[in-house]
Amino acid sequence: MTDPELTVIVPTRERPGLLRETVQSIVASARAASDKLGATVRVLVVDDASPTDSTREAVAEMTAAAAAAGPAVSVDYARVEVHDGRKDPGAAIALGVSLAASRYLTIFGDDDIMLPEHITLHLRNMRHGADVSAASYFITDGELNRQYAKRRRAAHLGDLLIGRIDVNDGAFVRTELIQAVELDPALLAQMLYPVWATLLIDGREFVYSRTPSFLYRRHDANISNVNKDAEDSALRTSLQEKYQALASEKLGAVPEPRKVDWARHKREWRYSKKGYVRWRMAATELAVKRNPVVRKAFRMPPLPPKES
């Protein structure tokens, strides 16, 4: 295959069973995009120094299967040789981004499932001139039973700078834009925050889809679960302060965050008892986060002063 149009980077470490299921779903979505759009897709599995050869062997089987099915989709393997001891696959993500030679790329979790329309939907957005295309998704349990939809809204710099992130790590992005931003694995779960903040400050075009197009699997082995600690909170606060200062310098002021659209949440959830409970929980969480004592305890930046 010559340089593909899209690279799907899948960072992983010693989870061949989950990985196989994930890559198979990506390949199916890539085949659908090839049939509909003539797309060429490279699935790049980046092994974060797994201690055994199980990941390499699983990818070798999938590479052969993809090659036998036709040239539009390939599955390749890369490896971080020495594990950095961190609980997040930042080194694998950074290596994958550096190896991408496609026009667009996206990063996809090794335990999630891509739905057939996912690549087609977001590749269309990118072809129409977007710099970033963010995806909505279904939250599932460990057995992939769908719980509810998490729908994106337009990314907004003011929201991002106070920690409301409406662009997920798996968004499609122009490769040259993400490669131009230094990716620091030491930032753990916040590693892509500088990418989205930089692009929003630079006025790049962010689009989104409210149609859920992948399954986000929640289970005990989620990497995101182990990253919710004091270190991650401190990193998040530090980054917010850094990019608030940068936005103020470049734009002359820090944009105000949007008001939470509770009317929209009520419209989406009013026919669901579970949805109503989630709405009440979200409202309670917001109220707690607005408490200055809580914000100080968790090292969150102070809320902006109320307008008189």
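Among contacts in the chain between residues at least 6 apart in sequence, 79% join residues at least 24 apart; a contact means heavy atoms within 4.5 Å. The model is predicted, so that local features need pLDDT of at least 70 and side-chain atom pairs count only at pLDDT 80 or more, while totals for chains, interfaces and linings use all residues. Residues are numbered from 1 along each chain as its sequence is written, and side-chain values use heavy atoms, with hydrogens and water left out.

The chain has 12 helices and 9 strands, these being DSSP runs numbered from the N terminus (helices H or I, at least four residues; strands E, at least two). Of its 308 residues, 48% count as buried, where buried means under 20% relative accessible area, exposed over 50% and partly exposed in between (1.4 Å probe, protein chains only). The chain exposes about 15300 Å², and carbon and sulfur atoms supply 53% of this area. Accessible areas come from the Shrake-Rupley method with a 1.4 Å probe; for residues, only the protein chains shown count as cover.

| Helix pair | Angle | Axis separation |
|---|---|---|
| H1 (residues 16-37) and H4 (residues 118-127) | about 50° | 7 Å |
| H1 and H2 (residues 54-69) | about 20° | 10 Å |

Axes are lines fitted to C-alpha atoms, for helices over the stretch in contact, and angles run from 0 to 180 degrees between N-to-C directions. H1 is roughly parallel to H2, whereas H1 and H4 are oblique to each other. Angles under 35 degrees count as roughly parallel, over 145 as roughly antiparallel, 65 to 115 as roughly perpendicular and the rest as oblique.

In the contact of H1 with H4, residues of H1 including Ile 26, Ala 30 and Lys 36 meet residues of H4, among them His 118, Leu 123 and Arg 127. The residues of this contact divide into 7 nonpolar, 3 polar and 3 charged. Ala, Val, Leu, Ile, Met, Phe, Trp, Tyr, Cys and Pro count as nonpolar, Asp, Glu, Lys and Arg as charged, and the others, Gly among them, as polar.

Arg 42 lies in strand E2 (residues 41-48). With a relative accessible area of 18%, Arg 42 is buried. Leaving aside neighbours within four places in sequence, Arg 42 is in contact with Pro 4, Leu 6, Thr 7, Val 8, Ser 74, Asp 76 and Leu 99.
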